[in-house]
Structure formats: structure tokens, C-alpha cells
Amino acid sequence: MNSEQSEEPDGRPIGRRVFLGTLGLGALGVAAAPTLQRGLEGFLGSVAGKDPTGLTGLLPNGGGFRYYSVAASVPHKTAADYRLRIDGLVDHPRTYTLDDLRAQPQTRLVKDVQCVTGWRVPGTPFEGVRLSRLLDAAGVHGTAKAIRFTCFDGTYTESLTLDQARRPDILVALRMQDKDIGHDHGGPVRLYVAPMYFYKSAKWLSGITVTDRVEPGYWEHLGYDVDAWVGKSNGRTDVPTS
Ligand SMILES: Nc1nc2c(c(=O)[nH]1)N[C@H]1C(S)=C(S)[C@@H](COP(=O)(O)O)O[C@H]1N2
Ligand SMILES: [Mo]
């Protein structure tokens, strides 16, 4: 896969034009955002030139990060109304507030971030609660095999196998670049999957459901690899990030 085309799950290539068509709604929503105002044509041009996977513009102070959202608009959440639900094949389903998550032991990791479309940001600190810790607290059933992640943008989803989810370098992240995660980067809470392409790091995380099989996420339905190891998937040879 390269920046010019993507693939459908059966491996049939689909053109950039078709792909952009599926992004129309999100594109319009973000083009209207105050910080990213520009003509629709310029916007689509930038998508075509850089990234078919939902690029919506370089952040003004993003330090090399690009803003992505597949949803036309995303509600803002604060400590007052943010909730993270853990359920599915567990003994103790639980709803965490932001303060609940802040009260857990925090892990800080500093690694490169690699997007599947090519851009890489070196040495970026992420900090938060190990996903494995939340899973242990929930009491995962013996029949469980995978995790499904959902987001309060109402659209994006991701997945991991249970073995992957238990790695120590996968966080429910509250901080990024040594700041609380702002809205544009998926705050107040996003997933951080250090060893995989950045599409695995679901922004605006709201649900962690333990399941008996992997259910491919949003971009994976459109052809991206479910096992998204940096340098060993998606036909790419990037240097691993973790
Ligand atoms: N909810 C949600 N999470 C998401 C995405 C998205 O569109 N929606 N895009 C993914 C992709 S493709 C990338 S590269 C990163 C971008 O994160 P950033 O906007 O903080 O740079 O978020 C990932 N997580
Ligand atoms: Mo991405």
C-alpha cells in the first residue's frame, strides 16, 4: 500500500478518488473548523498529496503531528463528563472517570510515532495507565481473545488481540508531549499502542470491550493490517518504534 492507493479487504486496489469519496463527510466537517480554515479544494488537494487515511491538516503547534478525524465533529469532554467503560467478557465491568484514571499508577514511555502513510515524529512522551492493569482489574474471562475499542466521536473503532493488549507498552494515555492530551490529539484520553502504526492509537477513547474474537477496526475494514507492527505490516519497512 502506498499514498496513492489503498486496498479493499480482498486485496483489490481502489483508487485515490474512490477513497476520498468515502472521506467527504469528515473532510467537510474539519474544513469548517476555525483553526483549519481553507478552501475545500485546497483541503482535498492536501489530502490527495499527503495521505488517504483521513488527513485533515497540519496542526499549528503540533510538533510534526497531523490532525486526523474520520468524524465530521467530535464533542469536547472534560473531567466533569468524560467516562471510560470497560465491559464485555469480564467479571467486573466498570466505568472510570478521568479522576479515577489519574489515581492509577502512571507509566511514561518515550518513543517515535510512525503513521502508516510515512510521517514519523521522533521521541514523543506518552503517559497513562497500562491497559494490562485495567484488564487485570476487570477480571478477563478465560474465553476472551480480543479487545474492541470505541470512541466518543461515534465512528472510529480499533482492535487488539488480548496478548497484544497485555503488552507493557500499550497505554490508556492521559498525557502526550508532557501535557494533558488536548482535544485535537484525542483528549482527554486516547489509546497509545507504541509498537504499532499510529492508526491503532484510537483518539477520544470511550469504550474497551473484551470479546471472543478480533473485530477489525475502522481503517482495517478499508484494507489496513489488523496486526499493525511498525516495519512488519502494511507492506512497509519502517524502523520499529518499540
Ligand atoms: N478516534 C480517532 N482516532 C484516530 C483517528 C481518527 O480518525 N479517529 N486516526 C488515527 C490515525 S490514522 C492517526 S495517524 C492518528 C493521528 O493522531 P493525531 O491526530 O494526534 O496526530 O490517530 C489515529 N486515531
Ligand atoms: Mo494514520
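Reader: How many bridges join strand 5 to strand 14?

Author: Strands of a sheet pair through backbone hydrogen bonds, either parallel or antiparallel. Here strand 5 and strand 14 (residues 205–211) run parallel and are joined by four bridges, where a strand is a DSSP run of E with at least two residues, a helix is a run of H or I with at least four, and both are numbered from the N terminus. Within this pairing, arginine 85 has glycine 207 of strand 14 as its bridge partner. This is a predicted model, in which local features need pLDDT of at least 70 and side-chain atom pairs count only at pLDDT 80 or more, while totals for chains, interfaces and linings use all residues. Residues are numbered from 1 along each chain as its sequence is written, and chains are lettered from A and ligands numbered from 1 in the order in which they are written.

Reader: In what order do the five strands of the open sheet stand?

Author: The order is 6-5-14-9-10, with mixed pairing, and two strands pair if DSSP finds at least two bridges between them. Strand 6 (94–96) and strand 10 (157–161) each have a single partner strand and stand at the edges, so one side of each is left without a neighbour in the sheet. Direction ignored, neighbouring strands of this sheet are turned by 20° against each other on average, the axes being lines fitted to C-alpha atoms, for helices over the stretch in contact, and angles running from 0 to 180 degrees between N-to-C directions.

Reader: In which sense, parallel or antiparallel, do strand 5 and strand 6 pair?

Author: Strand 5 (residues 84–88) pairs with strand 6 in the antiparallel sense, over three bridges, and leucine 84 stands opposite tyrosine 96 in strand 6. The antiparallel sense also holds for strand 9 (residues 146–151) and strand 14, which pair over six bridges, with arginine 148 opposite threonine 209 in strand 14.

Reader: Where is threonine 97 found, and why does threonine 97 count as partly exposed?

Author: Threonine 97 lies in the loop between strand 6 and helix 4 (98–102). Threonine 97 counts as partly exposed because it has 14 C-beta neighbours inside 10 Å; a residue is buried if 20 or more other C-beta atoms lie within 10 Å of its own, exposed if 12 or fewer, and partly exposed in between, with C-beta atoms placed from the backbone. Leaving aside neighbours within four places in sequence, threonine 97 is in contact (C-beta atoms, placed from the backbone, within 7 Å) with Tyr82 and Arg83. Tyrosine 82 is 15 residues from threonine 97 along the chain, and their C-alpha atoms are separated by 6.1 Å.

Definitions and conventions. Two residues are in contact if their C-beta atoms, placed from the backbone, lie within 7 Å.
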